Each structure stands twice: as C-alpha cells, then as structure tokens.
Amino acid sequence: MRFRYLAAAPLVAVAMFGTTAAAWPSATAAMPQPPPALTASALSARYASDARAIKTAERAATRDGDSQLAGALASLRTRQVLFFNPNGQGVAAMVIGNLAAANRVAILVPGSDTTLATFFSRGPSSPGGAAEALAAEAHRLNPGEQLAVIAWLGYPAPAMLSPAVMTSGDAGQGAQALRPLVTALARHGDRVALLCHSYGSVVCGLAAPRLPVTDIAVFGSPGMDASSVASLHTQARVWAGRESGDSIKYVPNIRLFGLGFGADPMSPGFGARIFATGDSGHSGYLDPGSVSLRNLTSIALGDPAAVTR
C-alpha cells in the first residue's frame with residue numbers, strides 16, 4: 001500500500017504545477033479522413049489514394065533525415081490504409097482483411113508514446129505488429145470467420161513522460177475521431193469489438209456511451225475515466241485484463257484536480273469481465289503464443305465462451 005501512496009506523489013506534484021494546462025490536450029490532432037463507403041470499389045480507391053499520400057510523406061521524411069519515420073511509412077505504404085494524415089504526430093489506420101466482406105471487425109486502439117514513426121517499430125506492442133498478431137491468431141482459431149482487423153491511430157497519443165498522459169484531453173480527441181468509424185461499420189452490418197491498450201482504454205471509455213459495439217476489452221488500463229461499467233452507458237460486454245508483471249497496477253486509481261482516470265477496471269466493483277493474461281509486462285499482451293492474445297482474439301471473434309477467465 002505504501003508504494004501506491006508514493007505513486008500518487010507525481011499526480012499531486014503535476015496538479016500543483018499547473019492543473020489548468022494539464023487538462024487540455026497535448027497536441028492538436030491531424031483529423032482522420034471520414035470513412036468511405038464500405039464497398040470493394042470505394043475501399044480500393046481509398047487504399048490507392050492513401051498509398052500515394054504515404055509515398056509523398058515518405059519522400060519528405062527521407063529528405064529531412066528522419067529514417068525512423070521514413071521506414072515506418074515505407075512499410076505502411078504497402079498495406080491497406082483506411083486513412084492517413086502526416087501532419088503533427090500523424091494519424092493512420094491499417095486494415096488487415098477484406099473490410100467490404102467482413103462480418104466482424106476488431107479495432108485496436110493504442111496507448112501513449114505511439115506515433116506514425118512507431119507504427120511498426122515495437123513488434124506486437126506497436127499498432128501494426130499487434131494487428132498482424134491478432135489477425136494471425138484469428139486465422140488459427142477460426143479460419144472461416146470473416147474478421148477484419150484495424151490498427152487505429154486516430155489521435156495524438158500523449159508522450160509517456162508528459163503531464164498530458166495523466167489527463168483525458170488527448171483521449172477526448174481520440175474518442176471524437178473513433179466514433180464515426182465505428183458508426184459507419186455498424187451501419188454496414190459489422191459487429192465491432194474495441195481492443196484498447198493502456199491510455200487507449202481512456203479513449204474507449206470516453207467513446208463508449210451508446211456506441212454500437214459488441215465488446216470493449218481493455219488491457220494494461222490505468223482506468224476508463226469511469227467509475228463502473230454502468231457509468232459507461234454501453235450495452236457491450238466490457239472486459240479487462242492485466243499481466244501480473246504490468247507496472248500499471250501501481251498507478252493510483254484516483255481523480256484529483258482533473259488528473260487520473262478513476263476506478264480500476266480490474267476491481268470487482270467496476271463490473272468488467274476479467275480475462276486471463278500471463279506474467280509479462282505492459283507491452284506483452286499481443287505477443288504470439290500468449291494467453292492474453294488468445295483471449296483478446298476470442299473476444300474479437302465474438303466468442304465469449306472461449307475466453308478463459
């Protein structure tokens with residue numbers, strides 16, 4: 001318990017340093033493009049258009065000597081990209097699978113320290129690698145299911161070592177950007193699951209009210225800016241998981257001077273369905289072969305009975 005009190009000290013210090021500034025977003029987001037019609041022809045046109053835009057941005061990054069960003073864009077350019085905007089930290093969404101024919105869609109929402117430059121660089125703990133791991137596991141578990149996976153970076157994720165990471169300002173921008181995509185998918189007839197890592201779970205918590213999704217799974221979560229599942233105002237199944245080695249468990253679940261994200265989704269009083277994970281750290285949830293990847297994939301496939309609790 002003493003560690004939890006010590007862990008609260010940075011929150012108090014930042015609050016005393018300047019609560020008003022910290023309550024605002026850390027950056028102005030490049031807004032995602034509105035989703036196109038979810039037909040094969042419209043999606044093909046969008047993918048081609050975004051590939052050209054990514055190529056232009058890749059050339060600019062190369063000229064500027066930003067080899068990390070240029071490498072990430074070179075990888076992204078060969079994929080199906082639903083939206084792309086290189087301004088600021090940049091936004092992008094990569095699709096794995098046939099979005100026009102899918103009947104289920106899983107959207108991966110990443111947390112802090114995620115930018116276009118890190119879209120692939122950290123393996124399955126980055127958006128691109130996580131989507132690839134989830135899609136591969138889904139094919140292993142249920143090869144006949146028409147599942148599309150979207151690696152979604154639609155907001156300016158805050159830096160880990162910044163006051164913004166302790167407020168919901170950036171998450172609010174993310175929630176505003178996420179809702180139109182989910183709504184368009186649901187109107188198309190897709191059953192949508194949100195898989196939300198770390199600070200991304202704050203994004204999903206703010207987007208949740210009356211959002212047409214079947215499942216919301218948070219993992220490595222500091223909180224959802226909510227006191228309970230009931231306060232999310234969702235009909236979705238809400239899941240929570242945390243690796244035993246994840247240091248996020250030491251973050252105090254409080255709200256103080258606009259800082260923090262409220263109740264721990266893992267606590268019994270929150271009301272989430274707890275799924276089994278493993279003993280890895282904060283970045284290991286989608287590692288191939290892990291218990292957490294298998295369970296998150298079962299959630300994405302709409303198979304709650306296969307999720308180990």
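Visitor: How do the residues of the lining of the largest cavity divide into nonpolar, polar and charged?
Guide: This is a predicted model. In it, the lining of the largest cavity has three nonpolar, two polar and three charged residues. The residues concerned are Ser221, Pro222, Arg242, Ile248, Lys249, Val251, Asn253 and Asp264.

Visitor: How much space lies in that largest cavity?
Guide: About 40 Å³. The search of the whole structure finds one cavity of 30 Å³ or more.

Visitor: And the pockets? How much space is in the second largest pocket?
Guide: The second largest pocket holds about 320 Å³ of space. It is lined by 23 residues, and those closest to its centre are Gly111, Thr114, Arg122, Ser125 and His197.

Visitor: Let us step back to the whole chain. How many helices and strands does the protein have?
Guide: There are seven helices and eight strands. The protein has 309 residues, and buried residues make up 51% of them.

Visitor: Among contacts between residues at least 6 apart in sequence, what percentage join residues at least 24 apart?
Guide: The figure is 69% for the protein.

Visitor: Now the core. Which residues touch the most other members of the largest nonpolar core?
Guide: Leu99, Ile107, Ile150, Trp152, Leu194 and Ile216 do, in a core of 49 residues. Helix H5 (residues 169–187) provides the largest share of this core, with seven residues. There is also a second, separate core of 36 residues, which includes Ala130, Ala133, Ala151 and Leu286.

Visitor: Why would nonpolar side chains be found together like that?
Guide: As a general matter, nonpolar side chains in soluble globular proteins tend to be buried together.

Visitor: Trp152 was on your list. Which residues does Trp152 touch, leaving aside those up to four places away in sequence?
Guide: Trp152 touches Phe83, Ala92, Ala93, Ile107, Leu108, Val109, Pro110, Gly174, Ala177, Leu178, Leu181 and Val203.

Visitor: Staying with rings, how many aromatic pairs are there?
Guide: The count comes to four aromatic pairs. One of them joins Trp152 and Tyr155, which are stacked at 6.1 Å centre to centre with 15° between the planes. Another stacked pair is formed by Tyr155 and Tyr199, at 6.4 Å centre to centre and also with 15° between the planes.

Visitor: Where do Tyr155 and Tyr199 lie in the chain?
Guide: Tyr155 is in the loop between strand S4 (147–153) and H5, while Tyr199 is in the loop between S5 and helix H6 (200–207). The two are 44 residues apart, and the pair links distant parts of the chain. Ring pairs link Trp152, Tyr155 and Tyr199 into a cluster.

Visitor: Why does Tyr155 count as buried?
Guide: Tyr155 counts as buried because its relative accessibility is 0%. Tyr199 is likewise buried, with a relative accessible area of 2%, and Trp152 is buried too.

Visitor: You mentioned H6. Is H6 mostly covered or exposed, and how many of its residues are buried?
Guide: H6 is mostly covered, with seven of its eight residues buried. Those buried are Gly200, Ser201, Val202, Val203, Cys204, Gly205 and Ala207.

Terms used. Residues are numbered from 1 along each chain as its sequence is written. This is a predicted model: local features need pLDDT of at least 70, side-chain atom pairs count only at pLDDT 80 or more; totals for chains, interfaces and linings use all residues. Side-chain values use heavy atoms; hydrogens and water are left out. On a 1 Å grid over the protein atoms alone, a cavity is a set of points where a 1.4 Å probe fits but cannot get out, and a pocket is an open set with protein on both sides within 12 Å along at least five of seven lines; lining residues have an atom within 4 Å of a point. Grid points are joined across faces, edges and corners, and a volume is the space filled by probe spheres set on the points. A nonpolar core is a set of buried Ala, Val, Leu, Ile, Met, Phe, Trp, Tyr and Cys residues joined through side-chain atoms within 4.5 Å. Buried means under 20% relative accessible area, exposed over 50%, partly exposed in between (1.4 Å probe, protein chains only). Helices (H or I, at least four residues) and strands (E, at least two) are DSSP runs, numbered from the N terminus. Contact means heavy atoms within 4.5 Å. Rings of Phe, Tyr and Trp (its six-membered ring) pair if their centres lie within 6.5 Å; planes under 30 degrees apart count as stacked, over 60 as edge-to-face and the rest as tilted. Ala, Val, Leu, Ile, Met, Phe, Trp, Tyr, Cys and Pro count as nonpolar, Asp, Glu, Lys and Arg as charged, and the others, Gly among them, as polar.
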